[in-house]
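Visitor: I've got a structure to look at and I'm new to this. Could you walk me through it?

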Amino acid sequence: MTIRFNDETFRDDYTFHNSPEAIRRFPFPFDQDSYMYSVNLEPHAGGRAGSPFQNRFDVDEHYVAEMKDREITLAEDPLRCQSLPHMELAGWDFLELVMVSKSEDYPELFTLNRDGDRWHWINRPLGIEQRFTFLDPTTLPCGPMEYITRQTQGDHALLDQRDGNLWMDAGMVTSQADWSLDFDIGMNFYEWHAPVPKAHEMGVFQRALKFLLNLQQGAPVRRLNWTMTVNPRLDTSPENYHKWGPEKRTITPENVGAKQHLRVELQTLWRLPRSNAIAFPIRCYLMSLEDIVTQPKWGRRLHRVLRDLPDELAEYKGFAVNRPVIVDYLARFDDGADTSPGIFPD
Amino acid sequence: MSALELRVAAVEPLSPLVTRFRFEHPAGAALPLFSGGAHIVVEMPDAGVLRRNAYSLISDPMDGSGYEIAVRREDAGRGGSRFMHTQVKPGDTLRVTAPINLFSLDLRAKKHVLIGGGIGITPFLAQLRQLTRLQMPFELHYAARSRAEAAGLALLPDLPQIHVHISEEGNRMDLGAILSGQPLGTHVYTCGPEGLIAAVDDTAARLGWPKGALHSEAFLSPPPGTPFTVTLKSGRTIEVGPHQSLLEALEAAEVEVNWSCRGGACGRCETGVSACHGRIEHHDHWLSDEEKAAQTKIMPCVSRFTGEMLTLDL
């Protein structure tokens, strides 16, 4: 497999774009014509060839540009990456998981040679070669979690497990849907989910937590989450709301197809071996409405989902202000025909 | 449950009642590493009955060349430990689950105090290796009645942080002395008989320890009891024998139930009760006191029933 990495930006001039292949493999999150919260976890054990579910850590045409964007965000705000002192072992566990997975799944892009604790890592797309001693942080330029998450698409949280709960005690968060690691660090599962409407009364978090506390090594799980973002911006953080919040007001019937993006998170959860922590990568995929409607099934379905979504969910996901314009635009691509089951395009 | 088929590489008696077993991958592949305090569930095909018992891993968590467990023979038990002692030979193949940890170290601690009584030493054997590797301050206290019964002696490394208390030799463990004077930020972990866990909790409370710094292995074997019958939604009835757990009876009847620890700690097998005419004997550490009193949920791995009729949401 060869991947041509895009030269593109996720801020200022927003030159981000999806190739026709990237459109076809987009993880469209709706398997039916309506949406409500559920504990929609399934085993993360491969998936359709070419889809983002196929490999343990998906690498796509946006890889190099996303890592550049992360570097910019981190330079402006180093608190996007934090690890409480007891999480270093979990950081090593995660580094191992990513390096082993990527070198096995993308041998032409990544190589890992191990001789006991002496490791040799080659990342060709980013031009990195590093020799280091596993579990010895003085042999890396930064902590193990920061080191590997500067080379891995998506945000990443490391959750400590204790007292029958999960605690967000480390993370790298630069492409988030309006939440802040600096605010959430040290919180438990119920605390960091407190702002989500409706789901608490449905018992969703209690069931999900019970499931995750029993998550087994070698049996990762995944789910899709989604929201809407104006312009293809990765860093929609509370810290920078002043930069992207006003952009929501720039949507017009003329530009909505190009500027309004569906933002999908492929979330995976992994039990880590030495630390017993859970790694929680949150991988973000962006696609403009005009790219979505190139797949007729998706155009019809997204129209129905957004039209019928309860108000508080549209409010929480931050697009209530633009919902009428979005729904009007999508209505042009919904001929009322039935849609086939599942998320994949016809 | 993801399972591994492993070869029994060694069987070594440590004391008249306790035997060590070592498992390795049949093709010599590395096994998943784990964290100190983790257990595996071993499947035992015993003359037509599939037994499953959980055992703490006692080997080095950072060593994937094999898994080791120490099994105490319980002749009054349900037969699993007897099977391990009498039937399992080097070269046999057994199915075990991937490691699961319900008793992990709190890595925030400034110091770790490990207190093991009898066979309760097992989870600490792996934890002390992890602590040594991570260069974290710890001390371990191992209490046993007599030197002959103290199987753990053969498994403990010779380290100054390790203290052995043999009550027969007049060297009873003094919990007050152990728990007083520990530095702030110390966490204490207890595994052993219920009485030992309660004594540590009482002593710690008296000395003003914060509850969050106390950890205990709430693991237990399914207790025997009188036979009883449960009814499924379909109206089908299942008989539970005196030395059988409800979970084992359901499995023998091919009724599917999720499970993980099989010791009343993980919550995975929680099952709804739609009608209860009698009393559920809750033995688990999962349900809250209110949930237990309501009699609308049962943990079939360890809990039993007495009375006229118990109908499960299965």
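This is a predicted model: local features need pLDDT of at least 70, side-chain atom pairs count only at pLDDT 80 or more; totals for chains, interfaces and linings use all residues.

Visitor: What joins β1(B) to β2(B), and through how many residues?
Guide: Strand β1 of chain B covers residues 3-13 and strand β2 of chain B covers residues 18-24. They run antiparallel, joined by six bridges, and Val11(B) sits opposite Phe21(B) of β2(B). The link between β1(B) and β2(B) is a hairpin of four residues.

Visitor: Which residue in β5(B) stands opposite Arg22(B)?
Guide: β2(B) also pairs with strand β5 of chain B, residues 67-72. Those two run antiparallel too, with six bridges between them. Facing Arg22(B) across that pairing is Glu68(B).

Visitor: Which strand gives the most to the side of domain 1 of chain B that touches domain 3 of chain B?
Guide: Chain B is assigned three domains, with domain 1 at 3-101 and domain 3 at 228-312. Their contact takes six residues from domain 1 of chain B and seven from domain 3 of chain B. On the domain 1 side, three residues come from the top contributor, strand β4 (residues 49-56) of chain B.

Visitor: How many residues of chain A are in contact with chain B?
Guide: Chain B brings 21 residues to this contact. By class, that side of chain B has 11 nonpolar, seven polar and three charged residues. Across from them, the number of chain A residues is 15.

Visitor: What is the mean pLDDT of chain B?
Guide: In chain B, 99% of the residues reach 70 or more. The mean pLDDT of chain B is 93.

Technical notes
Residues are numbered from 1 along each chain as its sequence is written. Chains are lettered from A and ligands numbered from 1 in the order in which they are written. Two residues are in contact if their C-beta atoms, placed from the backbone, lie within 7 Å. Ala, Val, Leu, Ile, Met, Phe, Trp, Tyr, Cys and Pro count as nonpolar, Asp, Glu, Lys and Arg as charged, and the others, Gly among them, as polar. Domain bounds come from an automatic or database domain assignment. pLDDT is the predictor's confidence in each residue, from 0 to 100. Two strands pair if DSSP finds at least two bridges between them.
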